[in-house]
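The sequence and structure come next.

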Amino acid sequence: MMSFDLQSHRAQLVLTALGASVLTASAFSAYQQYTRQKKRQNLHEDVLRSLSSGTDKRRRGARDEDEDEIRLAGVGDQQELPLAYNEELVREQLARNYAFFGEDGMAQIRKSTVVVVGCGGVGSWAAVMLARSGVAKLRLVDFDQVTLSSLNRHATATLQDVGIPKVKCIERTLKQISRVVEVDARIDIWRKETGGDLFEGADWVIDAIDNITTKVDLLKYCHENSIKVFSSMGSGAKCDPTRVQISDISFTMYDPLARSVRRRLRLEGVSSGIPVVYSTEVPGEVKLLPLPEEEFQKGNVKELGVFDDFRVRILPVLGPLPAIFGLNIATYILCELAGKPIHNPLPVKGRKKFNERLYRDLHKREEKFLGHQINKLPVDDDDAGILFDDIHRGRSVRPPHAVPERPALVRWDPDAPLSLENCVAFEFADAERHLQECLLAKKRPEEVWGADVVEVVRRRSEEARKVVEWVM
């Protein structure tokens, strides 16, 4: 084995070389760290100079900010930007977006106009992310004011904003975020008689209204006038973010607001062509909070509303869900503006076909049971999906409650009409057995399946009853 003599000339040369390498590497690393810190410091100073050079006014109270705000130029007015906040800084602020969308895509985004109708939990988040992403002009439309209960979901509101219009609250924050966004805040309500004025020059319209009549009128107006519109369905009383989806209005299911909007639009001749964000989650115990009895004693509770048809009771809302809805909307519109559309949003298309097959099988069993042809069942394919996915959790009612290889639905009690409350999930072979023994041979279900299955079906039936109260 070779020995290493530290006193030898060769060893001393090796140690000297190693020491020099370590010192060089340390010096190079320190230099890189210093230059990075210096660049960050210079950028920070440039931004601070730009923020101070554009105005010679002193900040007054929060209520007077509208009068004191500096004029923020649009993208097309580069000469009006503060000198220190030039195009280079704008592009640095939008660097990640440029990396994603490229020059052409960002050019389209930076000259676009988006109108946000409804600036609450959903609309405020959409507006913030559109401004952060370089959209040139945002028109915010809402008549409402910030309340304490708004603070659990609103993107920009603080305690100091309680009592001020939501659009002004958002406008202030957007101008603190971006020096190139033009904000047109309208303390107003959209009306179909004058709706076109608010949509002038819009590349996209965001519908974040929670009143169904106004929502349908707005969507119909946009559809008839070829205005691109994205609509938010109900985010209230939901908690499962994995159920939030983007799809065409015609593909929505389970969402009670989406169902009502879809049906009303069909009556108006609009069946598809409107992208929406919605949730397939079926709420459980959540309901509108009741009004105090003394309010009813005062007279007609509709008089409590600011406008006719706007709800006066509170729908429980978990704060993150409206934010998720708003972020979905902003993402979709940004991709559309940049020419990189989401061609095939992954909604429930696969489940749609699955639900249709469940419905067809159920339809055949009902015809065998009743002994004659049936044109339409009292439940539809959407109901079949609710039954299997939500009420029965995708499992058979028969122990050990396995996930069926070939799922099937069948009427439970032969003496009761078919409904969500009287329909159960089985493995296909068990469903056929139930048809033969319980429905055709008139045996009672408890005789065939036992007390454990009967108890499971009772609990599922009670859940179905609550779903009917909510969704239908």
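How many disulfides does the count come to? With a disulfide taken as a pair of cysteine sulfur atoms within 2.5 Å, the count is zero. The model is predicted, so local features need pLDDT of at least 70 and side-chain atom pairs count only at pLDDT 80 or more, whereas totals for chains, interfaces and linings use all residues. Residues are numbered from 1 along each chain as its sequence is written, and side-chain values use heavy atoms, with hydrogens and water left out.

C222 is buried at 0% relative accessibility, and C438 is buried with a relative accessible area of 0%.

Helices (H or I, at least four residues) and strands (E, at least two) are DSSP runs numbered from the N terminus; two strands pair if DSSP finds at least two bridges between them. Seven strands make an open sheet of mixed pairing, ordered β3-β2-β1-β4-β5-β7-β6. The edges are β3 (182-186) and β6 (244-248); each has a single partner strand, so one side of each lacks a neighbour in the sheet. From one strand to the next the twist averages 15 degrees. Angles run from 0 to 180 degrees between N-to-C directions, with axes fitted to C-alpha atoms, for helices over the stretch in contact.

Strands β1 (residues 113-117) and β4 (residues 204-207) are parallel, paired over four bridges; W204 in β4 is the bridge partner of V114. Contact means heavy atoms within 4.5 Å. Helix α8 (residues 212-224) packs on the sheet and touches β1, β4 and β5 (229-232), its direction making about 160 degrees with that of β5. Helix α6 (residues 166-177) lies across β2 (137-141) and β3, at about 170 degrees to β3.

Rings of Phe, Tyr and Trp (its six-membered ring) pair if their centres lie within 6.5 Å; planes under 30 degrees apart are stacked, over 60 edge-to-face, and the rest tilted. The count comes to eight aromatic pairs, including these:

| Pair | Type | Centre to centre | Between planes |
|---|---|---|---|
| W190 and F199 | stacked | 5.8 Å | 15 degrees |
| W204 and Y332 | edge-to-face | 6.1 Å | 85 degrees |

W204 lies in β4 and Y332 in helix α11 (residues 320-337), so their pair ties together parts 128 residues apart in sequence. Both W204 and Y332 are buried, and W190 and F199 are buried too. W190, F199 and Y221 form one aromatic cluster.

Definitions and conventions:
Buried means under 20% relative accessible area, exposed over 50%, partly exposed in between (1.4 Å probe, protein chains only).
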